[in-house]
Amino acid sequence: MKFVIVLACLLALAYANEEADVLKSDSEVNVEDFKYAYELSNHIKAVQSGVLKEHDNWVVSGEYEYVAPNGQLVKVVYTADETGYHPKVVEA
């Protein structure tokens, strides 16, 4: 369920500013793990994977990038687990 929420949020971000064509879209969803990647023609990219650990805890890692309105590339690398969401902005 968390995967669906995160994916929906990222897709909403991708389509909020402009229409874009999908250049790449890969996904694999299993009971105990998942991974996906997509790239859009408006320079938005995302990759995420997750593994189900004991007691319904997911360990997720990924990254996404986009071009900000000022033209700067923004890239965020993150992990998420039972302790929360841990993003890190990477200078591009």
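**View A. Gln 48 and its contact with Tyr 78**. Gln 48 is buried, its relative accessible area being 3% (buried means under 20%, exposed over 50% and partly exposed in between, with a 1.4 Å probe and protein chains only). The model is predicted, so local features need pLDDT of at least 70 and side-chain atom pairs pLDDT 80 or more, while totals for chains, interfaces and linings use all residues. Residues are numbered from 1 along each chain as its sequence is written, and side-chain values use heavy atoms, with hydrogens and water left out. Gln 48 belongs to strand 3, residues 45-53 (strands are DSSP runs of E, at least two residues, numbered from the N terminus). Its side chain makes a polar contact of 2.8 Å with the side chain of Tyr 78 (a pair of N or O atoms within 3.5 Å, one able to donate a hydrogen and the other to accept it; residues adjacent in sequence count only if both atoms are side-chain atoms).

**View C. Strands 5 and 6**. Strand 5 (residues 73-81) pairs with strand 6 in the antiparallel sense over seven bridges. Asp 81 has Gly 84, in strand 6, as its bridge partner.

Notes: Helices (H or I, at least four residues) and strands (E, at least two) are DSSP runs, numbered from the N terminus. Two strands pair if DSSP finds at least two bridges between them.
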